[in-house]
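This briefing sets out selected features of a single protein model, grouped by topic. Please consult the sequence and the structure shown below while reading.

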Amino acid sequence: MNLRQLVYFQEVIRQDFNISSAAKVLHTSQPGVSRQLRDLASELGVDLFRHQGKRLVGLTRAGAEISEVVESLIRDVKRVKSIAASHAIAEQGDLTIVVTRHAAANRLQQALVRSQTAPVRRRVRVVEGDPDVAIAKLRSGDASLGILTEPAERDPDLLYFPLDRWGLLLAVPQDHPLARLPEVTLESVARYPCCSYEDSARSRQVVEDAFRAAGLTSPVAFSLGSSEKILDYVEAGVGIGIVASAAFVPEQHPTLRALDASHLFRRLTTELVLPRWAPLSKEVLNLVRLLDSTLTRARIEAARRDADTVADERA
């Protein structure tokens, strides 16, 4: 009996006893999954699944009892891997932070500057990327903490703490017709080509949702990777910019003006994300406290215990 057999066994159960679906999730072949299940049953000496013809339709009594133990074993293995990865990072001297674009950039910069005055210093790597990549790095132990804007799904292996609330604004040339309106509407914005963040950005999804809810076609014609690029395009006369409020500094863009868009697009929440299984090192805790002074070790450990309880109830 090996870990792969147990993982395959549990994934088939998660996929409602559909071996094809389990094979896709596991990135292997259907015959390969079937063979591992047969080998596991043979080694244990009991039938694990109830059959209806060639189809699996449920667990036997033995299979159900074994499934409970396997679920716990797999959680423990994940925890062992995460703890080991976390210690490996510490030994290499790196503290890796993953961030999604536009997420609390100013606060992170200030916290990093202040953290360098601490007695213990480690090399810090800030990795910017798409939300899915950031989540994967946190889950695998390749990153110690994340600063992410509203992750689309709550991963049970991660802990989430609200960090910042922020909104979007419209950046337009000083003499733009929208600047003369008493109040800007989505209908008025939709008349002009717009520049905003790339499709994977949560802020972009908020923009698209707003136009869709109003029955309007999205006017975003240019998807760009940073606020600066968006503002450069606006200065070049390409269109209206939709950017994070904190990204627009009037002194740096004297030919542009900011228009309030708080009534057009809902506010977003930036969250601090920690791996649920990894030990909380002094360096990570120090940085977390600089980002949010209310995030004490006791509060984080309480959130960890709550997450463990939820995981146990789902098992």
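## Briefing on the predicted model

The buried residues of helix α3 are Gly32, Val33, Ser34, Gln36, Leu37, Leu40 and Ala41. The cover over these buried residues includes α1 (3-14), α2 (19-26), β1 (49-52) and β2 (55-59). The model is a predicted one, with 11 helices and 12 strands in the protein. Of the 315 residues in the protein, 45% are buried. Among contacts with a separation of 6 or more, 73% are between residues 24 or more positions apart.

**Helix α3**

- Helix α3 spans residues 30-44 and has 15 residues.
- From its first C-alpha to its last, α3 reaches 21 Å, close to the 21 Å expected at 1.5 Å a residue.
- At the start of α3, a side-chain oxygen of Ser29 comes to within 3.1 Å of the backbone nitrogen of Gly32, and Gly32 is itself among the buried residues of the helix.
- Gly45 follows α3 and has a positive phi, near 80 degrees.

**Helix α1**

- Helix α1 has 12 residues and reaches 17 Å from its first C-alpha to its last, close to the 16 Å expected at 1.5 Å a residue.
- Its buried residues are Gln5, Leu6, Tyr8, Phe9, Gln10, Glu11, Val12 and Ile13.
- At the start of α1, a side-chain oxygen of Asn2 lies within 3.1 Å of the backbone nitrogen of Arg4.
- Asp16 follows α1, and the phi of Asp16 is positive, near 60 degrees.

**Gln10 within α1**

- Gln10 is located in helix α1.
- Gln10 has a relative accessible area of 4% and is therefore buried, the cut-off being under 20%.
- The side chains of Gln10 and Ser67 are joined by a polar contact of 3.1 Å.
- With neighbours within four places in sequence left aside, Gln10 is in contact with Ser67, Val70, Glu71 and Ile74.

**Packing of α1 against α2**

- Two packed helices are described by the angle between their axes and the distance between the axes.
- For α1 and α2, the axes come within 8 Å and cross at roughly 125 degrees.
- That angle makes α1 oblique to α2.
- The crossing in which α1 passes α2 is right-handed.
- Val7, Tyr8, Glu11 and Val12 of α1 meet Ala22, Val25 and Leu26 of α2; of the α1 residues, Tyr8, Glu11 and Val12 are listed as buried.

**Packing of α2 against α3**

- The axes of α2 and α3 also come within 8 Å, and they cross at roughly 105 degrees.
- The two helices are therefore roughly perpendicular to each other, since angles of 65 to 115 degrees count as such.
- On the α2 side, the contact is made by Ile19, Ser20, Ala23 and Leu26; on the α3 side, it is made by Gln30, Val33, Ser34 and Leu37.
- Val33, Ser34 and Leu37 are among the buried residues of α3, and Leu26 of α2 also takes part in the meeting with α1.

**Positive phi in the loops between the helices**

- Phe17 is in the loop between α1 and α2.
- Although Phe17 is not a glycine, it has a positive phi of about 65 degrees.
- With a relative accessible area of 16%, Phe17 is buried.
- His27 is in the loop between α2 and α3.
- His27 is likewise not a glycine, and it has a positive phi of about 55 degrees.
- At 75% relative accessibility, His27 counts as exposed.

- Glu150 is in the loop between β5 (145-149) and β6 (158-166).
- Its relative accessible area is 13%, so Glu150 is buried.
- The side chain of Glu150 makes a polar contact of 2.8 Å with the side chain of Arg266.
- Not counting residues up to four places away in sequence, Glu150 touches Arg202, Arg266, Arg267, Leu268, Thr269 and Glu271.
- Between Glu150 and Pro131 there is a distance of 9.0 Å in space, C-alpha to C-alpha, and these two are 19 residues apart in sequence.

Terms used: Residues numbered from 1 in each chain as written. Predicted model: local features only at pLDDT ≥ 70, side-chain atom pairs only at ≥ 80, totals over all residues. Heavy atoms only, no water. Helix = DSSP H or I, 4+ residues; strand = E, 2+ residues; numbered from the N terminus. Expected span 1.5 Å × (residues − 1). Buried < 20%, exposed > 50% of the residue type's maximum accessible area, 1.4 Å probe, protein only. Contact = heavy atoms within 4.5 Å. Polar contact = N/O pair within 3.5 Å; in protein donor to acceptor, adjacent residues only side chain to side chain. Axes fitted to C-alpha atoms, helices over the stretch in contact; angles between N-to-C directions. Parallel < 35°, antiparallel > 145°, perpendicular 65-115°, else oblique. Left-handed = near helix turned anticlockwise from the far one by under 90°.
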